[in-house]
Amino acid sequence: VAPTGVSPIKEAQACLARGDNACAVAALAGKARSARELELLIETHRSMGNQSKAWDVMRTYLERFPDEKRAEGYRRTLGQ
């Protein structure tokens, strides 16, 4: 559990530094708001083999951030 006031991305990065992908997903799931947070959640799901969850987050990313740098790659992945 992260201390009060720690941002989701900081908490997720601390989890990943310990090699704990599940902790990183828990830190970001339902809390990711920025493009960077969603990117980290997508890539963590992918590294865990959770392809369908990664795709769900990609769709959210594309709705919120259609012009961000990773958007085109995510569109290709989703076949859009």
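Are Tyr-61 and Phe-65 buried or exposed? Tyr-61 is buried, and Phe-65 is buried too, where buried means under 20% relative accessible area, exposed over 50% and partly exposed in between (1.4 Å probe, protein chains only).

A word on the model before we go on. This is a predicted model, in which local features need pLDDT of at least 70 and side-chain atom pairs count only at pLDDT 80 or more, while totals for chains, interfaces and linings use all residues. Residues are numbered from 1 along each chain as its sequence is written, and side-chain values use heavy atoms, with hydrogens and water left out.

Now to the rings. Rings of Phe, Tyr and Trp (its six-membered ring) pair if their centres lie within 6.5 Å; planes under 30 degrees apart are stacked, over 60 edge-to-face, and the rest tilted. The count comes to two aromatic pairs:

| Pair | Centre to centre | Angle between planes | Type |
|---|---|---|---|
| Tyr-61 and Phe-65 | 5.8 Å | 50° | tilted |
| Tyr-61 and Tyr-74 | 5.0 Å | 85° | edge-to-face |

Helices here are DSSP runs (H or I, at least four residues), numbered from the N terminus. Tyr-74 is buried, like Tyr-61, and ring pairs join Tyr-61, Phe-65 and Tyr-74 into a cluster.

Helix H2 (residues 21-28) has its own buried residues: Cys-23, Ala-24, Val-25, Ala-27 and Leu-28. Their cover includes helix H1 (8-17) and helix H3 (35-47). Just after H2, Gly-30 adopts a positive phi of about 80°.

Methods
Helix = DSSP H or I, 4+ residues; strand = E, 2+ residues; numbered from the N terminus. Contact = heavy atoms within 4.5 Å.
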